[in-house]
Amino acid sequence: MRDFSRVRRIVVKVGTNLLSSGEGIDEGRVRDICRQIAELKNMGYQVILVSSGAVGLGARELGHRNKVVHIPLRQACAAIGQPILMSHYREAFRKEGVITAQVLLTRNDLNNRKTYNNLRSSVSTLLSLGIVPVFNENDVVSIAEIGTAFGDNDRMSAMVASKIDAQLLVLLTDIDGLYTGNPKKDSSAVLLDEVDEVTDSIIAFAKGAGSTFSTGGMKTKLLAARIAAMADCATIIASGYSPDVLVRILKGERIGTYIHPSIRLTQRQRWIINNSHSGAIVIDDGAVEALEKRHSLLPSGVTGVSGAFESGDVIQVRRQDGRLFAKAVTGYDSTSLAMMMGHRSSELDGLLGEGHKDCIFRPEDMVVIDDSSL
């Protein structure tokens, strides 16, 4: 049996594959998921639902049967499908005596510290009132090409779990969990019961994409689990077709693949690491060594600046060979930083005038990382 005694707040993500039927949405599946969430609420848990499916529903409403690639059409399908999706959830939850609320997000909503704090406050209020928030990416306005999109709802659900201090993320899909290979093609593939850490070798097990209208796959679920783990949030990948899967999971049954949480980062560290970066700087080996010892970054250690960013933006910090070393909140804009790089602190008065800061950022404004996919 798995021990979930510390779990109080849960994020449940439901994928497009699970909700789809030949005619559109699988109403029976929606009712079953809502019934289980209502039961979890009766067991004392606070539950947030992250649901895909709006684009697919909109496409079917338009009679479009192929994958929606063209951005304006995808946005139109989302605008059509989102109210359809929410109407199904609202009716299903109403039958369980549960009030639901819709929350649409873009990546910018979490990137901006003020809107992030407002979101955190509003969601906490909804949960305290016993309401189930239903999250989805705001595909009507979010565009991957300009950095406002999450890319998939798996990673969005992990970021939501991280931001609202959930202890468990459940990713419901159409497969039992993570296998060592494709079980449909490889008879020797084995279901992994537990994963201690999402390493590159674990991610290598994940191959293939989702359905016609989905953007996810097993790899995106593992990347989501990695994000959640940094917030001390465990993840379970399981089949939504299993009877009473949510209730059985919380009762401790060993269903799906359980991915352990890792060392907890602070809220600010998680905000930095999950934030979209606006640009990057390159630092020399001496600066890397100083930052590893928790010293501030000085201009003399910077050897390159790329992108356009403002003071207070999150930027990447890269080594001389281009490898990602950290993400940080910069105290200077890109123009000033390009003027300052390579100069000693004593020379900055002549470049910037008086009243400037001596360092680019402090240790508390930086998170050391080693994977650019985060």
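Reader: Thanks! Let's begin with S14 and S15: how many bridges join them, and do they run parallel or antiparallel?

Author: Three bridges join S14 to S15, and the two strands run antiparallel. Two strands count as paired if DSSP finds at least two bridges between them. Helices (H or I, at least four residues) and strands (E, at least two) are DSSP runs, numbered from the N terminus.

Reader: And what should I know about the model itself?

Author: This is a predicted model, where local features need pLDDT of at least 70, side-chain atom pairs count only at pLDDT 80 or more, and totals for chains, interfaces and linings use all residues. Residues are numbered from 1 along each chain as its sequence is written, and side-chain values use heavy atoms, with hydrogens and water left out.

Reader: Good to know. What is the strand order in the sheet of five strands?

Author: The order is S12-S11-S13-S14-S15, in an open sheet with mixed pairing. Strand S12 (302-307) and S15 stand at the edges with a single partner strand each, so one side of each has no neighbour in the sheet. On average, neighbouring strands here are turned by 20 degrees against each other, direction ignored. That angle is between axes, which are lines fitted to C-alpha atoms, for helices over the stretch in contact; angles between N-to-C directions run from 0 to 180 degrees.

Reader: Which strands does H12 lie across?

Author: H12 lies across S11, S14 and S15, and runs at about 100 degrees to S11. In this helix (residues 285-292), Ala287, Val288 and Leu291 are buried. Buried means under 20% relative accessible area, exposed over 50%, and partly exposed in between (1.4 Å probe, protein chains only).

Reader: Why are those three on the same side of H12?

Author: They cover an arc of only 105 degrees around the axis, which puts them on the same side of H12. The arc is that of the directions from the helix axis to the C-beta atoms. What covers these buried residues includes strand S11 (279-283), strand S14 (324-329) and strand S15 (366-368). The face turned away from the buried side carries the exposed residues Asp285 and Glu292.

Reader: Nice. Now the sheet with eight strands: what order do they come in?

Author: Those strands form an open sheet in the order S5-S6-S4-S1-S7-S9-S10-S8, with mixed pairing. Strand S5 (100-105) and strand S8 (194-195) are at the edges, each with a single partner strand, so one side of each is left without a neighbour in the sheet. Helix H2 (residues 27-42) packs on this sheet and touches strand S1 (9-14), S4 and S6. The direction of H2 makes about 160 degrees with that of S4. Contact means heavy atoms within 4.5 Å.

Reader: How do S4 and S6 meet?

Author: Strand S4 (residues 46-51) and strand S6 (residues 132-137) run parallel and are joined by two bridges. Val50 stands opposite Phe135 in S6.

Reader: Which residues touch the most other members in the largest nonpolar core?

Author: Val11, Ile48, Phe135, Val160 and Leu222 do, in a core of 47 residues. Such a core is a set of buried Ala, Val, Leu, Ile, Met, Phe, Trp, Tyr and Cys residues joined through side-chain atoms within 4.5 Å. Helix H9 (residues 218-229) gives the most to this core, with seven residues. A second, separate core of 40 residues includes Val12, Ile33, Tyr89 and Ala234.

Reader: What does Leu222 touch?

Author: Leaving aside neighbours within four places in sequence, the contacts of Leu222 include Leu178, Val198, Ile202 and Ile259.

Reader: Switching topic: how many aromatic pairs are there?

Author: The count is two aromatic pairs. In one of them, the rings of Phe4 and Tyr258 have their centres 6.1 Å apart and their planes at 55 degrees, so the pair is tilted. Rings of Phe, Tyr and Trp (its six-membered ring) pair if their centres lie within 6.5 Å; planes under 30 degrees apart count as stacked, over 60 as edge-to-face and the rest as tilted.

Reader: Are Phe4 and Tyr258 buried or exposed?

Author: Phe4 is buried at 7% relative accessible area, and Tyr258 is buried at 12%.
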